[in-house]
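This briefing covers charged and aromatic side-chain contacts, grouped by topic. Please keep the model open while reading.

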Amino acid sequence: YRAWGDAIDSFCNGSLAALDTLEELLLTLPPAISIASLKSENPEAFLRFENSFPALLNETARWPLPIRTRALHHLGEVRRVAMAQQTLESIQDESTPETRRDAMRRIGELSNESHASLRDLYNVSTNEVEQIIGIVQSDPNVLGARLMGGGFGGNVLVLTTSAHADSLIERVQTEYYAPQDRDGVGEGSVMISTPGK
């Protein structure tokens with residue numbers, strides 16, 4: 001517990017190396033925990049859990065909770081966000097088109113890693129999401145893609161250039177929506193967002 005607190009403090013003070021310590025600690029967690037073991041082995045934690053998440057106690061299909069992989073996913077997201085922040089900060093001032101392009105490639109890689117973690121460690125992807133991810137990630141002009149939203153469906157965020165957005169939308173329409181007799185753009189399922197500064 002002390003090592004965990006020290007690593008959290010170190011990370012909050014700017015040390016990304018502290019995330020490695022946190023990962024080592026998370027690997028000592030049991031792969032899963034049941035309601036009974038949580039209640040008997042950690043009664044104080046169980047009481048806080050019961051007060052904070054009463055509905056989850058009734059979701060018997062979710063038990064035992066795979067706490068190790070869930071925790072590793074969250075730690076990975078913290079690491080990816082910190083790396084993305086560093087990457088974006090590196091191009092704020094006197095950057096060149098090449099450094100901005102390299103930074104966006106790195107953000108795309110982090111997006112792909114995030115999606116893989118959501119799929120493999122958190123188990124919240126669906127066949128439909130994976131189909132769309134497969135279509136967009138096979139496009140050489142896509143820098144990255146990930147599931148967004150609450151999981152078990154949701155949205156897919158795709159990072160590409162404005163020059164390639166229309167051809168990518170056409171590809172997704174042709175390969176995903178058209179076989180279902182759907183118009184992705186017309187129904188509002190496909191949207192373009194442009195990031196600001």
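Is F49 buried or exposed, judged by its relative accessibility? At 13% relative accessibility, F49 counts as buried, where buried means under 20% relative accessible area, exposed means over 50%, and partly exposed lies in between (1.4 Å probe, protein chains only). The model is predicted, so that local features need pLDDT of at least 70 and side-chain atom pairs count only at pLDDT 80 or more, whereas totals for chains, interfaces and linings use all residues. Residues are numbered from 1 along each chain as its sequence is written, and side-chain values use heavy atoms, with hydrogens and water left out.

**Salt bridges**

- The count comes to 12 salt bridges, each defined as a side-chain nitrogen of Lys or Arg within 4 Å of a carboxyl oxygen of Asp or Glu.
- One of them joins the side chains of E23 and R79, at 3.4 Å from N to O, and this pair links distant parts of the chain, 56 residues apart, with E23 in helix α2 (residues 18-26) and R79 in helix α6 (residues 67-89); helices here are DSSP runs of H or I with at least four residues, numbered from the N terminus.
- E23 is partly exposed at 30% relative accessibility, and R79 is likewise partly exposed, at 22%.
- D20, E23 and R79 are linked in a network of salt bridges.
- R106 and E109 form a salt bridge at 3.0 Å, N to O, and both lie in helix α7 (residues 97-120), where they are 3 residues apart, about one turn of the helix.
- R106 has a relative accessible area of 22% and is partly exposed, while E109, with 41%, is also partly exposed.
- R119 and D120 meet in a salt bridge at 2.7 Å, N to O; R119 is partly exposed at 32%, and D120 is partly exposed at 44%.

**Aromatic contacts**

- The structure holds 3 aromatic pairs, a pair being rings of Phe, Tyr or Trp (its six-membered ring) with centres within 6.5 Å, counted as stacked if the planes are under 30 degrees apart, edge-to-face if over 60, and tilted otherwise.
- Among them, F49 and F53 form a tilted pair, 5.6 Å centre to centre with 45° between the planes, and F53 is partly exposed at 48% relative accessibility.
- The rings of Y176 and Y177 have centres 4.9 Å apart and planes at 90°, so this pair is edge-to-face; both Y176 and Y177 are buried.
- F49, F53 and W63 form one aromatic cluster.

**Charge over a ring**

- R70 lies over the face of Y122, at 4.8 Å from the ring centre, under a rule that asks for NZ of Lys or CZ of Arg within 6 Å of the ring centre and within 35 degrees of the ring normal.

Terms used:
Helix = DSSP H or I, 4+ residues; strand = E, 2+ residues; numbered from the N terminus.
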